[in-house]
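Please read them with the structure open.

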Amino acid sequence: MASAPAYDNFIDGAWVPAASGERFENRNPADGSDLIGTFPRSAEADVERAVASARRAYDGWRLTPAPRRAEILYRAGQILTERKEQYARDMTREMGKVLKETRGDVQEAIDTGFYAAGEGRRLSGQTVPAELPNKFAMSVRAPLGVCAMITPWNFPMAIPSWKIFPALVCGNTAVIKPATDTPLSVVNFVTALMDAGLPAGVLNLVMGGGSGVGTPLLRHPDVRLVSFTGSTEVGRQIAIGCAESYKKCSLEMGGKNAMILLDDADLDLAVEAATWGAFGTTGQRCTATSRVIVDRKVAGGFTERIVERAKALKVGNGLEDSVEMGPCISDAQRRTVASYVEVGLKEGARLAAGGHLLTGGSHDRGWFFEPTVFADVKPGMRIATEEIFGPVLSIIPVDGLDEAIRVANSVEYGLSGAIFTRDINKAFRAMRDVDVGIFYVNSSTIGAEVQLPFGGVKRTGNGHREAGTTVLDIFTEWKSVYVDFSGRLQKAQIDRSD
Ligand code: NAD
């Protein structure tokens, strides 16, 4: 441990250790002997300091004109662009996904920075006619105050950026608690903003676990909003905690995303998309394709081809160029994946590819699992309804579009969905009837762009959407303003004579 770098929290513009002095280790999931660094195991006292710092910085920041706030975001976007390769390498080392994907993760943060910065000259409200003479009516966006962000490990920089950039451009100050598996990427992100000239206290970083840092953040009376991305169960606890203290709360949670494959589709394209959707990021994406609901007429051919692709994928350390799929994030996550394979076998699904821990040679150093395909899966099986968050695809044969849509909608989640068909009428029916927040036609369940709303329905979200302009509704409150220049007291609805 002695030679690994020791990283600190970022509070009030300075890097500081946890008050307790305690630390945790961050290791490469592809190679457990690779210690990336130690990070502060923070607790309530650190949260107190960080929230107080954000509270102090709030008035100065909210009164800084939004276009000036945005200039700092533009600079941060430029700095992230310059450091993209280094930050992507750091991310692959701590999270495991392959370099191509971590470059994409940093790029998403860059895109979000530039997009949010554009809002510095918009943050539009409405002006509407007033119903009384000599009266002016408008709505403006007002910041909330101190916002807390609690983020997962699978998009270590992109997800924090989806929250932090819009929160800051709106005039809020923030405290972020990243996942303990991927703290370095948030250290890098905060460093970029600091180097861009963000004033002290506007953004604070406190590292540590859910109960040590997350719970005191939830309970803190000066925190006005909690923006959470993570599992549905933890999201539920966050919602309860926020309800108890009347906080605003936005939740982005789990998924069980389906790709519908009809018999008229371009099968080559569908196989390509399903391979990427199911095994990209080792299946550890909230938008991963974990179900292919396929017309029985083409189920055999599709299964044969995707099994071939799954078996050929090169699994290993994501820093190597030829590697196509990295490890699971942790031993615990890999054990969860293995336990779902047992569940699938007991339920009577046919294991068509993979299903085992990957061992031997360099695979012994990390948490690798074989790309896994279950065929002949029935819609009600647990592997067809529960989020596994690993490289496991369930192929569910159905008869036609109506059944496909029924099966797609039969789960408790509703994040993303896709259909592969050449029939425009069927594509439009699926676009309308599949119950999700994001839908793709002839593309994988993965591939959101930052300028459209991101989020889902049912147990995936609580009605908010990140990205796009909808994210502004999370990080601002609407204020309606009436200006009466009549010189007399007018009483709206009461002033009518009829
Ligand atoms: P997780 O819920 O275990 O943890 C998420 C964050 O919450 C972490 O920072 C964790 O430390 C913190 N936390 C845990 N318990 C807490 C508590 N009691 N109070 C406060 N904070 C607490 O999720 P994870 O394993 O990091 O991420 C995987 C999950 O995230 C999957 O379910 C995935 O679908 C979901 N996810 C959703 C989206 C989306 O946009 N819908 C995006 C990415 C990931």
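1. Met259 stands opposite Ala418 in β18. Strand β12 (residues 257–261) and strand β18 (residues 416–420) run parallel and are joined by four bridges. Strands here are DSSP runs of E with at least two residues, helices are runs of H or I with at least four residues, and both are numbered from the N terminus. Two strands are taken as paired if DSSP finds at least two bridges between them.

2. A word on the source: this is a predicted model, in which local features need pLDDT of at least 70 and side-chain atom pairs count only at pLDDT 80 or more, while totals for chains, interfaces and linings use all residues. Residues are numbered from 1 along each chain as its sequence is written, and side-chain values use heavy atoms, with hydrogens and water left out.

3. β12 and β18 belong to an open sheet of seven strands with mixed pairing, in the order β14-β15-β16-β13-β12-β18-β19. At its edges are β14 (350–353) and β19 (438–441), each of which pairs on one side only. On average, neighbouring strands of this sheet are turned by 20° against each other, direction ignored. Axes are lines fitted to C-alpha atoms, for helices over the stretch in contact, and angles run from 0 to 180 degrees between N-to-C directions.

4. Which strands does helix α13 touch? Helix α13 (residues 400–408) packs on the sheet against β12, β13 (289–295), β16 (392–398) and β18, and its direction makes about 160° with that of β13. Contact means heavy atoms within 4.5 Å. Helix α14 (residues 424–433) lies across β18 and β19, and runs at about 170° to β19.

5. There is also an open sheet of three strands, ordered β5-β6-β21 and paired antiparallel. Its edge strands are β5 (126–128) and β21 (476–484), each pairing on one side only. Neighbouring strands in this sheet are turned by 20° against each other on average, direction ignored. Three bridges join β5 to the antiparallel strand β6 (residues 135–143). Thr127 has Met138 in β6 as its bridge partner.

6. The domain assignment divides the chain into domain 1 (9–253 + 461–480) and domain 2 (257–441). Such bounds come from an automatic or database domain assignment. The domain centres, taken over C-alpha atoms, are separated by 31 Å. In the contact, domain 1 takes part with 22 residues and domain 2 with 25 residues.

7. How much area do domain 1 and domain 2 bury between them? The value is about 1,900 Å², 60% of it on carbon and sulfur atoms. Buried area is the accessible area (1.4 Å probe) that two parts lose on being put together, summed over both.

8. One salt bridge is counted between domain 1 and domain 2. The term requires a side-chain nitrogen of Lys or Arg within 4 Å of a carboxyl oxygen of Asp or Glu. The side chains of Glu101 and Arg285 meet in a salt bridge, at 3.9 Å from N to O. On the side of domain 1 that touches domain 2, β4 (31–40), α3 (84–95) and α4 (99–118) each supply at least two residues. Of these, α3 gives the most, with five residues.

9. The salt bridge count comes to 27 by this rule. One of the pairs is Arg62 with Asp59, whose closest N and O atoms are 2.8 Å apart. Both residues lie in helix α1 (residues 44–62), three residues apart, about one turn of the helix.
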